[in-house]
Amino acid sequence: MRLALLGCGTVGAEVVRLLHEQSADLAARIGAPLEIAGIAVRRIGRHRGDLPVDPALFTTDALGLIKRDDVDVVVEVVGGLEPARSWLVEALRAGKSVVTANKALLAEDGGALHDAAAEGGGDLYYEASVAGAIPLLRPLRESLHGDRVTRVTGIVNGTTNFILSAMHATGAGFAEALEEATELGYAEADPTADVEGFDAAAKAAILASLAFHTRVGAADVHREGITEVTAADVASAKAMGCTIKLLCIAARGADAAGRETISVRVHPAMIPLTHPLASVGDAFNAVFVEAEAAGELMFYGRGAGGAPTASAVLGDVVAVARNRLAGVRAASESAYAALPVRPMGEALTRYHISLDVADRPGVLEAVAGVFARHDVSIATVRQGPSGGGNGDAVLVIVTHVAPDAALAATVRELHGLDIVRSVASVLRVEGGL
Ligand code: NDP
Ligand code: HSE
């Protein structure tokens, strides 16, 4: 079984290392030796002297490597949309099996890859694209195929989880926690994809596609990052016995006519400290899956890093190599349900709103009136002194579930009340409170 490796960076180098260290076991598991036919990189001269591989295998001609007749499996750990998309479509159409960790490409144009795989008859596996080492996609696409998944709630970005965990632990602000994440190597020099939620949104699209048998792309995912989360928000969450996490949430629901729909969103949210996801600290990932018959399932582990991600890549390599030797292919994409994706305004959420208000008769009634006008039901209200020593009060309101658009309109109107000095914090709430 011969493999073309596209990319030899953080993940690719670990794939090479593991292939070398475990070659005997991998051969036994597959039923044939696994050899590297070539390694495509951008810069041949980049220092790779410590890798246990023949330097003659490196090439800058990725397409030429993919097209070679002696290549059975193409492993793509380059990243980005192009040229990765063209390479993988070419490989799949030619009947090769593909293993990729490229979440951005899968979320942007996964359909093109699945179509090419169907055309060529090879396998398309991408376990490493979501939550690194955690076996999650295979359970969704195989083990849970007899069940009906109703909701997936996950922490799927390690960088933002590190930042939010640090803010919770130390009371630091976002900028300070990001600086620490950068110094420790968790955040990249340009952290935009992580802190603005693009990375998590791509993963949410992949998870929702598998969970709900529907093609979901990055553009279908409502996305908010964590750059607006303040130390005051975190303190407010703590005071309520909660913490703040960047969650990806994909859920079944229904539209006004009762037709089944799904919603897919990524945003920071308050969750109670008793929720299973609250204890996921540092740069770890965890995904909580709810299914009708199976009930609640939790997947936890390292979501990034060279070796953990290479573990998932190699698991896929063994699977596709065994399929090829057996002359079979895995079940193809399951997108038969084609459920419509609801706009964020129709998603059912809860809000935690902290207001600085004047402390005088009628204030509570005026504030409650705004919620009532938007048909938003209040679950709890707490009032305390504002701390400013000016006789004002802090009102903390948690709502019941309501359409997100109604909650957003409520907050907009609260901003305009003269008895509301400021809207100190607005956060969505998940997982009971
Ligand atoms: P790196 O940037 O470390 O490595 C990218 C590799 O691709 C390098 O070897 C680079 O070559 C090569 N490359 C880039 N452009 C080209 C090109 N045009 N032609 C040929 N080779 C090219 O990326 P990572 O290893 O971190 O990530 C790879 C993939 O894995 C991405 O899709 C990423 O999203 C995904 N992933 C990464 C995780 C991680 O923890 N790093 C976790 C989960 C998924 P050269 O070495 O010459 O620069
Ligand atoms: N930047 C990602 C993270 C890497 O922080 O989780 C894994 O996809």
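**Notes on the predicted model**

1. Ligand 2 has around it Lys103, Asn157, Gly158, Thr159, Asp194, Asp199, Lys203, Gly303 and Ala304; a residue is near a molecule if one of its heavy atoms lies within 4 Å of it. This is a predicted model, in which local features need pLDDT of at least 70 and side-chain atom pairs count only at pLDDT 80 or more, while totals for chains, interfaces and linings use all residues. Residues are numbered from 1 along each chain as its sequence is written, chains are lettered from A and ligands numbered from 1 in the order in which they are written, and side-chain values use heavy atoms, with hydrogens and water left out.

2. By class, the shell around ligand 2 holds four charged, four polar and one nonpolar residue. The classes are as follows: Ala, Val, Leu, Ile, Met, Phe, Trp, Tyr, Cys and Pro count as nonpolar, Asp, Glu, Lys and Arg as charged, and the others, Gly among them, as polar.

3. A nitrogen atom of ligand 2 lies 2.8 Å from an N or O atom of the Asp194 side chain. A polar contact is a pair of N or O atoms within 3.5 Å; within protein, one must be able to donate a hydrogen and the other to accept it, and residues adjacent in sequence count only if both atoms are side-chain atoms.

4. On its own, ligand 2 has 260 Å² of accessible area, of which the protein covers 83%. Accessible areas come from the Shrake-Rupley method with a 1.4 Å probe; for residues, only the protein chains shown count as cover. Helix H7 (158–170) and helix H10 (198–212) are the elements that give two or more residues to the shell around ligand 2. Helices (H or I, at least four residues) and strands (E, at least two) are DSSP runs, numbered from the N terminus.

5. Ligand 2 sits in the largest pocket, and the space taken by ligand 1 is the largest pocket. On a 1 Å grid over the protein atoms alone, a pocket is an open set of points where a 1.4 Å probe fits, with protein on both sides within 12 Å along at least five of seven lines. A molecule sits in a pocket if more than half of its atoms lie within 2 Å of its grid points.

6. Ligand 1 has 23 residues around it, and Cys8, Val11, Arg43, Arg46 and Gly305 come nearest. The shell around ligand 1 divides into five charged, seven polar and eleven nonpolar residues.

7. An oxygen atom of ligand 1 is 2.4 Å from an N or O atom in the side chain of Arg43, and for the Arg46 side chain the distance is 2.5 Å. An oxygen atom of ligand 1 is also 2.7 Å from a polar backbone atom of Cys8. The protein covers 80% of the 900 Å² of accessible area that ligand 1 has on its own.

8. The peptide bond from Glu82 to Pro83 is cis, with omega near 5°; Pro83 lies in the loop between strand S4 (73–76) and helix H4 (84–93).

9. Is His213 buried or exposed? His213 is buried, at a relative accessible area of 9%; buried means under 20% relative accessible area, exposed over 50%, partly exposed in between (1.4 Å probe, protein chains only). His213 is in the loop between H10 and strand S8 (222–223), and its phi is near 50°, a positive value in a residue other than glycine. Ala338 also has a positive phi, near 45°, but counts as exposed at 55% relative accessibility. Ala338 belongs to the loop between helix H12 (306–326) and strand S13 (348–357).

10. Ser236, in helix H11 (residues 231–239), is buried, with a relative accessible area of 13%. Its side chain is joined to that of His352 by a polar contact of 3.5 Å.

11. Ala251 is placed in strand S9 (residues 242–254) and is buried at 7% relative accessible area. Ala251 and Ile262 are eleven residues apart along the chain, and their C-alpha atoms are separated by 5.5 Å.

Terms used:
1 Å grid on protein atoms, 1.4 Å probe; cavity = no way out; pocket = protein on both sides within 12 Å on 5 of 7 lines; lining within 4 Å.
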